[in-house]
Amino acid sequence: MNLFDAIHTRRTIKEFTDQPVPDDLLHQALDAGRWAQNHRMTEPWRFLILGPQTQQAIAVINGDALLQKTRADAGMLAKMRADAETKILSKPRIVAVTCCLCGNKAVEQEDYAAVCCAVQNIQLAAWGLGLGMQWSTSGFSTRPDTYALLGVDPVQEMIAGLLYFGFPAVVPDPKPRKPLADVSRTLP
Ligand SMILES: Cc1cc2nc3c(=O)[nH]c(=O)nc-3n(C[C@H](O)[C@H](O)[C@H](O)COP(=O)(O)O)c2cc1C
């Protein structure tokens, strides 16, 4: 796929087919993340590829998180929990991305930026391989129980998000962007 085609056609994919994601495709996409630009070459990204047991546990955390912020009757709560769990279980493959924390705020800001560049590389590479991806920063993904489940020490690393991978069932229309003229200015 041509680079500009990839940039322009890439979409956030939320609905996937049931087709499993082959490991080699997933690894190729994640490997593209390692090639992101990175000031000081700190290589701050870490990729945690979830197996079925961990995905099931994440689904339960998503249900817990939803219920904690909801007031409804017991029947409704049970349905909401089931829907929240099904949503996570419907993602063919999940990868958590973390950013190493070095304790220096300025470097941590650059490192987080580098992790974002890595995620963009990954999503574009996945797209080129026919895979869709959604980057999720839903509240449940950074709860203490999610850190504990994934074995991430919040002093050493921050969870930058969960990446949901799969073959696209639905490719949404692009969301409109402001024209370049509205978001740029040329200085003398
Ligand atoms: C840092 C970051 C976090 C995001 N978190 C979410 C999320 O939690 N849920 C979601 O539906 N989309 C999330 N997105 C995807 C955006 O909603 C999406 O990129 C935007 O709607 C534009 O659509 P497009 O990616 O198809 O161009 C996130 C994107 C970024 C960059």
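The request and the answer follow.

Colleague: Let us take helix H2, residues 23–33. Which of the residues of H2 are buried, and what do they pack against?

Modeller: A caution to begin with: this is a predicted model. Start with the whole chain. It has 188 residues, and 28% of them count as buried. The secondary structure comes to six helices and four strands. Along the sequence the order is α-α-β-α-α-β-α-β-α-β. The C-alpha atoms fill a box of roughly 65 × 40 × 40 Å along the principal axes. Take the contacts between residues at least 6 apart in sequence: 81% of them join residues at least 24 apart.

Now to H2 itself. Its buried residues are Leu26, Ala29, Leu30 and Gly33. Viewed down the helix axis, these fall within an arc of 95°, so they line one face of H2. The face turned away from that buried side carries Asp24 and His27, both exposed.

What does the buried side meet? The buried residues of H2 pack against strand S1 (45–49), strand S2 (93–100), helix H5 (105–128) and strand S4 (157–166).

One residue shows the packing in detail. Leave aside the neighbours of isoleucine 122 within four places in sequence. Isoleucine 122 is then in contact with Ala29, Leu30, Ala32, Gly33 and Leu163. Ala29, Leu30 and Gly33 are among the buried residues of H2.

Isoleucine 122 also belongs to the largest nonpolar core, a set of 35 residues. Val95, Val97, Val115, Ile122, Ala126, Leu163 and Phe165 touch the most other members of that core. H2 is one of its suppliers: H2, helix H3 (52–68), S2, H5 and S4 each give at least two residues. The largest share, eight residues, comes from H5. As a general point, nonpolar side chains tend to be buried together in soluble globular proteins.

Last, the ligand. Its surroundings are Arg11, Thr12, Gln134, Trp135, Ser136, Thr137, Ser138, Gly161 and Lys175. Strand S3 (residues 132–136) gives the largest share of this shell, with three residues. By type, the shell divides into one nonpolar, six polar and two charged residues.

To sum up H2: the buried residues line one face, and Asp24 and His27 sit exposed on the face turned away.

How values were computed:
Residues numbered from 1 in each chain as written. Predicted model: local features only at pLDDT ≥ 70, side-chain atom pairs only at ≥ 80, totals over all residues. Near = placed C-beta within 6 Å. Nonpolar A, V, L, I, M, F, W, Y, C, P; charged D, E, K, R; others polar. Buried ≥ 20, exposed ≤ 12 C-beta atoms within 10 Å, placed from the backbone. Contact = placed C-beta atoms within 7 Å. Arc of directions from axis to C-beta. Core = buried A, V, L, I, M, F, W, Y, C linked by C-beta atoms within 7 Å.
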